[in-house]
Structure formats: C-alpha cells, structure tokens
Amino acid sequence: MKRQDLQLFSRPAPESPAFSVLIPSWNNLPYLQLCLRSLRTHSQLPLQLIVIVNEGRDGTLDWVRNEPDLDYVYAPDNIGICYALNLARTLARATYLVYVNDDMYLLPDWDTALMAELEAVGHPYCMFSATMIEPHDTGNPCVIVQDYGTDIGTFSEQNLLQEAPALPRRDWSGSTWPPNVLHRDLWDLVGGMSIEFSPGMYSDPDLSMKCWQAGVRIFKGVAASRVYHFGSKSTGRVRKNKGRDTFLLKWGISARFFADHYLRRGAPWTGPLPDPVIPVTARWIHRIRRALKSLR
C-alpha cells in the first residue's frame with residue numbers, strides 16, 4: 001500500500017450524525033448497494049456513511065463517487081479491513097463508530113436499539129453488537145438461524161421484514177462480531193484495528209481483547225438490533241491470514257478461550273462481565289502452545 005495512491009473524500013453530512021457507519025467493500029457492488037439501501041430506508045437517526053472501496057474494479061468506485069451522501073476511502077489494491085477501518089476513522093465525525101460488513105442488510109430499529117443501550121450506560125467504556133440472522137447454522141451461539149436467502153438472487157426481503165421482529169432471541173454476552181459500535185474515544189484509546197491481523201481474520205476478537213485490557217467489561221449483544229447476514233461474500237474470496245496463531249502469540253491465550261471464558265460469548269446477558277478465574281492447567285497449556293507456535 002502506497003499512501004499516495006489512497007484517496008479520502010468527505011462530503012457535507014448531518015452536522016451531528018449519531019453514528020459514523022464504516023463499511024469496507026471489495027468488488028461486491030450488488031451487496032454494498034443492498035446494504036446501503038437498508039441503511040437509508042431503515043435508520044431513524046442521522047448517519048454519516050463511509051465506504052472503503054478496495055479495488056472497486058466491478059464498478060463500485062464509479063457508483064460510490066456518484067452517491068451524494070457517501071464519504072469514501074479508495075485503495076487501488078485490497079488493503080483488508082484493518083487498514084480500511086483505520087483509514088475510515090480519519091473521516092468519521094460522529095461520537096460513535098459502527099462497523100458494518102457490506103453483505104449485511106440492516107433491519108428497522110437497528111440504530112435506535114443500539115443508541116438506547118449506549119445512552120443507558122452513559123460512558124465510553126462499552127462495546128455493543130447487533131444480532132445477526134444467518135441462513136445456515138455455523139455454530140455461532142450469538143446468531144439467529146433462519147433462512148431468508150443465501151444470496152441476493154434468493155433473498156426473501158419481505159418475509160424477513162415481516163418475520164424478523166418475532167424471531168426469538170435474548171440479549172447475549174460477548175460483543176465482538178460486526179455490526180458493532182464503539183465510542184470514538186475508546187477506539188482511539190486502544191488504537192483501532194491491529195494491522196498485524198491484516199487482511200483481517202481474528203481482528204474482531206483482538207479489538208475486543210484490547211478493549212478488555214483497557215478496562216471494558218460491558219460486551220453486550222442487543223437482541224432488538226437485528227441484521228441479516230448473507231455470510232462470507234468477501235472473506236470467502238480472500239487469502240486468509242493465520243489470525244488464530246497471531247492472537248495466541250500476542251495475548252498468550254487462544255481466541256476461543258477468550259471468547260468462552262472472558263466474554264462468555266453467546267450466554268444470556270446478565271450484566272458487566274467479571275474477571276475470569278483461569279485454572280492453572282489452562283495457563284500452562286496456553287504457555288506450551290504459545291512456546292511451540294513461537295518456534296515455527
């Protein structure tokens with residue numbers, strides 16, 4: 001990535017947007033258009049919309065340039081989500097930053113439900129996630145599994161809009177997945193996304209761990225804020241980094257252990273998380289695994 005090749009463009013936006021919505025996109029124009037249509041249609045609060053155009057060889061760049069309500073970052077090469085989100089942060093004007101994947105469709109009240117949680121806390125040290133609805137069961141305990149289409153061609157939009165509010169789900173613990181929202185002061189405090197995870201695998205739990213280290217104990221998934229996620233429309237095409245190993249070497253525990261024992265990801269929300277009690281055997285197992293990884 002050469003700095004001189006990057007373009008950052010900001011347009012007039014609401015004077016006081018409630019959220020700056022950061023949307024990385026990599027040659028995925030039909031899904032990006034659907035995502036933005038859902039944001040424009042179903043959001044009640046004023047938004048600043050920031051698209052990160054990676055390559056844009058499918059017409060994305062030309063389309064984004066002609067949309068008067070979009071700020072954008074353009075990178076001629078795919079810079080991944082870590083660099084992309086950090087660049088988009090430089091354009092953000094809202095107090096709260098929302099990270100959304102371009103293959104997500106946001107449902108009515110997604111924004112007001114998140115803002116209500118943020119206002120109830122009243123300080124920057126928290127992370128909230130919307131609740132994803134996905135067509136397949138991938139073992140993610142935070143997801144509502146209900147098939148409304150695996151791609152745009154099979155997307156059953158009207159059925160989703162009619163049925164989604166009644167799909168059962170409680171608030172859950174362990175916010176890490178997008179769409180997630182952070183106060184800009186917390187984002188800046190922890191340094192945003194860690195570029196050693198580029199192009200992005202395991203950068204989400206790393207961000208949560210950095211927030212944990214900064215003292216955050218509110219990691220809450222909000223059941224009333226819902227999005228439909230087609231799933232892996234970009235990540236399924238990218239050459240993945242070995243984020244699992246990077247996380248272990250950086251933090252001394254596995255991302256799975258962090259999710260299960262620190263964040264209690266997917267468990268019913270009961271309040272701010274306590275510090276975990278880590279068995280001595282688990283500490284030694286992680287030390288051995290970390291040492292073996294460092295020798296490779």
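Is Arg-40 buried, partly exposed or exposed? In this predicted model, Arg-40 counts as partly exposed, at 34% relative accessibility. A search of the whole structure finds twelve salt bridges, and three of these pairs, including the one formed by Arg-40 and Glu-67, are described below.

**Arg-40 and Glu-67**
- A salt bridge joins the side chains of Glu-67 and Arg-40, with an N to O distance of 3.1 Å.
- This pair links distant parts of the chain, 27 residues apart: Arg-40 lies in helix H1 (residues 29-42), and Glu-67 in the loop between helix H2 (60-65) and strand S4 (70-75).
- Glu-67 is buried, its relative accessible area being 17%, whereas Arg-40 is partly exposed.

**Glu-196 and Lys-250**
- Lys-250 and Glu-196 form a salt bridge in which the closest N and O atoms are 2.8 Å apart.
- Distant parts of the chain are again linked: Lys-250 belongs to helix H8 (residues 243-251), while Glu-196 sits in the loop between helix H6 (184-190) and helix H7 (203-213), 54 residues apart.
- Glu-196 counts as partly exposed at 40% relative accessibility, and Lys-250 counts as partly exposed at 28%.

**Arg-256 and Asp-260**
- The closest N and O atoms of the salt bridge between Asp-260 and Arg-256 are 2.9 Å apart.
- Asp-260 and Arg-256 are separated by about one helical turn because they stand four residues apart in helix H9 (residues 255-262).
- Asp-260 is partly exposed, with a relative accessible area of 38%, whereas Arg-256 is exposed, with 59%.

Technical notes: Residues numbered from 1 in each chain as written. Predicted model: local features only at pLDDT ≥ 70, side-chain atom pairs only at ≥ 80, totals over all residues. Heavy atoms only, no water. Salt bridge = Lys/Arg side-chain N within 4 Å of Asp/Glu carboxyl O. Helix = DSSP H or I, 4+ residues; strand = E, 2+ residues; numbered from the N terminus. Buried < 20%, exposed > 50% of the residue type's maximum accessible area, 1.4 Å probe, protein only.
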